[in-house]
Amino acid sequence: MQAVVKLNAAPNTPVFTLQARDPDKDHDIHYFLVRDRTGGRFEVDEKSGVVRTRGSEMFQLDMEYVLYVKAEDQNGRIDDKHFQATPEERLSIVGGKRPPQFYLPKYEKTIPENAAKDSDIISVKAKSFADREIRYTLKAKGQGAGTFNIGPTSGIVKLAKELDFEDVRQPHIYQLVVTATEDSGGFSTSVDLTIKVTDVNDNPPKFDLPDYQAHNIDEDIPIGSSILRVKARDDDSGTNAEITYSVSDDHFRVDNKGIIYNRKTLDADDNSAYYEFTVTSTDRGEPVKEGTATIRIYTKNKNDEEPNFSQQVYTPNVDENAGPNTLVTTVVASDKDGDNVEFGFVGGARESGQFVIEKMTGVIRLHNGAISLDRDKYELNVTAVDDGNCCPGGQHSLHTSTAVVVVFITDVNDNKPVFKDCASYHAKVEESAPNGSPVITVRATDEDKGVNGQVRYSIVQQPNQKGTKFTVDPETGDVTTNKVFDREGEDGKFVSVTVKATDNGDPSLEGVCSFTVEITDINDNPPLFDRQKYIENVKQDTNVGTNILRVSASDEDADNNGAIVYNLTSAANAGDLDYFEVQPESGWIILKKPLDVTHVTPGLPVDNNKFCCDTQTQRGAYEVVVTATDQGQTPLTSEVLVRLSIVDRANRPPVWDEEVYKRKMIPENISVGQTVYSIKASSGIKDNPVVFYRIIRGSTAQTNKHDTFYLQQRPDNGDTWADIKVNHPLDYESIKEYNLTVRVENNGPQQLASEATIYVVLEDVNDEIPLFTEREQETVLEGEPIGTKVTQVNAIDKDGTYPNNEVLYRIVDSPRNEGRDFYEIRERTGEIFTRVEFDREEKQAYALEVEARDGAASARPNANGRPNTEFENVENSGKIERDKMMGCITLVLDGIIQPGLRVYFSSGGMALVADRRTREFGKACGNFVIEFTCFYRRLKLNSGGGSSLPEDCKKRDLLC
């Protein structure tokens, strides 16, 4: 650092300002005088860095005053005594005048050759100690005059003309002298300026030729053979001129000398017998520059290629039932040399097992003999051999290639799902079990493979069944309940269920399994007495041990849940129990000790509005409570009040003509109004034979809750009989036995009564029609052998006993049954088999009418000793369609129809349903409605006693 001080400078005159820079933003710079070689003539302001004079003595002309200074960052403490600081710097101060001083002793600058004309190169500045303007001049030492100029006042050196490093007329280093002169004849000084010009990578490499060619190169030359040489040049210098080579085809490589070699075996059959690619020369400059040339290498062909299969592994599919000469696949191979190709199996054979191959086409077929494709796949090794015709001498070097043909045998959906254990399914579910309770797991197997062997399960809707009572998981076959069952209600003890298994083939095949689910009993019904209250008169002299009255209760539950035990409790007076006991099982109330004629049960009404006691006729009364308890695990009970009134010993009760009446067996189809049982009783009063009968209405259906039976009194030769008659139709499948209580009363002053129990047991008759289980479709493959199973039909007969519920099957022998000659059916199983071998092109579908009949003569009207039947239409080889028909009965539309009867016809006489139970026509009384369809026309007729029908429907026998 240099400065000038005036010789007569006054004290505190600023001479120089020290400046230091700190990159930290929070710096606190202080300046210090470290060493003073001036004798104390100067001082440094610590904060501003201003150097000022001290003392009043004159400064000497041309004398140099030297100070050593430094700067410290007071925020940059290093330790307790030191801060971050600059090195000591020398400040030279001269007294009087001195020439301008450049800031650097010399200047150097390097610029690229592509520097822009008139661009600033460097700033060369000098300081005037006399505070005068300085002017700058520039002069070249040697070559380069006029290449640069300098601003006369700014000192900025600029490029005066464009540079070119590759121009030999231009130097790469310019030696220049810059002179700074003060105005008005002041001092001047000079400094050297050196400007170096560097090379820029502005020239790409250039090949000597744009196109290089090599001819007649054998395609089988060894790898690494030199083929030709290329040469490229770069006018740049240094690394910018260093060149590397590369090629665009990986069959070849090139070294740094430009020699091209083959790095793979050549092939004259590729690229029309020659290779064309690009060679690139790249320099090492930045940015990289490159040049390209085209290479063409022409090759000579030789028979060196083996045939090439279009694929190494062929995977055709053949149906398992494929016949002779069936096309399997076609193998394809080509030879790059242009040779012809011949095909065969390994070893040269044209046949391998059941497969043959055509020599020239590569077509593989099944042979012409018997075919048995009993494996999942067959592997065939095929060969392709060239003939060497491509090149001279090619026949001496034939080539062979191989491929594998894996023939996968495709499963044909020709097996139906089968429930092998269907006959052993015996499922049970407890009544009142919640919806979704498990019942059984069914399993069907399908011998097909893949999707054809995958089965899904579903529930088949039962005939005449509302909704499905069970559901089945389509994947697992788990059957669960779809409702809460009531064993004593409409569900009954057994429920039929049919599960269908359908495979995933196209078209799908199906199998069904029908079995019975037993609804097991729980104790959910309490005992019910057949009366709400028992009232009986007892003679005062009744003997001890006499059966006075029998109470009866029934329980709809089964086994112990329905077994009833009776016992007595007192209603109002505990002493009443001393006189009576009840037999636990029979319900007979028995007298234990003689009656007390003075006995009164407090507050007990004796005769409607009278209280005990009327000593003229009624001596007293007893009142007890009978409890009926079932024997379930959690017993249920019911109670009934029994009122026993004491009457005079002169009064006699009615007497039945038999002490115990035998069970009465009647058929379930007995007509309404027909007499079931006739019984009689005498009044027990001399000269007064009048008696009155009535059936006691019980609390259950079995005890005549619904008035299923009624009683009709009948006089006969001075006696009065009680005829018990049917009031409503009976059904063995609903209720098998009735327990009727008949009460008889005499007409004495004090009426006495007796009761008798009548047991009516129903006999099953064949009144139910077999109903087919619904199914959707069946198929049979064309070409299947005679005896192939097509399907199995299933019908259910709801009769309760054998043989009424036995189901037998046959094919209807009728001209309209087009499938009768093509199928046969197993009478007891319903399995249907083919009798011929079908051809789908000849006929695609067959309708087959199948009959299901039960094993006994029908008890239905007009059956004429024939069994009950149902028909089913089966359409085979397309869809199977079944139309349910309610029996097969001939009815003539001639007569008068009973009131409220509905008659349905269908076109072509396919079905007719009149009254579902009787199938009878009766006399008309009142208005009625006939609703029928005839040839798809629906008419409604209203009449008071008859109706006319369309002409084409009159007096026709309509067969179902």
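Analyst: Happy to; the questions below look at strands in this predicted model.

User: In what order do the three strands of the open sheet lie?

Analyst: The pairing in this sheet is antiparallel. Strand 2 (14-17) and strand 4 (42-44) are the edge strands, as each pairs on one side only. From one strand to the next the twist averages 25°. The order is 2-5-4.

User: Which residue of strand 5 is the bridge partner of Glu43?

Analyst: Strand 5 covers residues 50-53 and pairs with strand 4 in the antiparallel sense, over three bridges. In strand 5, the partner of Glu43 is Arg52.

User: How many bridges join strand 16 to strand 17?

Analyst: Strand 16 and strand 17 form a hairpin with five residues between them, and Ser184 in the turn has a positive phi of about 60°. Strand 17 takes in residues 188-198 and runs antiparallel to strand 16. Within this pairing, Val178 stands opposite Val191 of strand 17. The number of bridges is nine.

User: And which residue in strand 16 is the bridge partner of Ile134?

Analyst: Strand 13 (residues 134-140) also pairs with strand 16, in the antiparallel sense and over seven bridges. In strand 16, the partner of Ile134 is Glu182.

Terms used. Residues are numbered from 1 along each chain as its sequence is written. This is a predicted model: local features need pLDDT of at least 70, side-chain atom pairs count only at pLDDT 80 or more; totals for chains, interfaces and linings use all residues. Side-chain values use heavy atoms; hydrogens and water are left out. Two strands pair if DSSP finds at least two bridges between them. Helices (H or I, at least four residues) and strands (E, at least two) are DSSP runs, numbered from the N terminus. Axes are lines fitted to C-alpha atoms, for helices over the stretch in contact, and angles run from 0 to 180 degrees between N-to-C directions.
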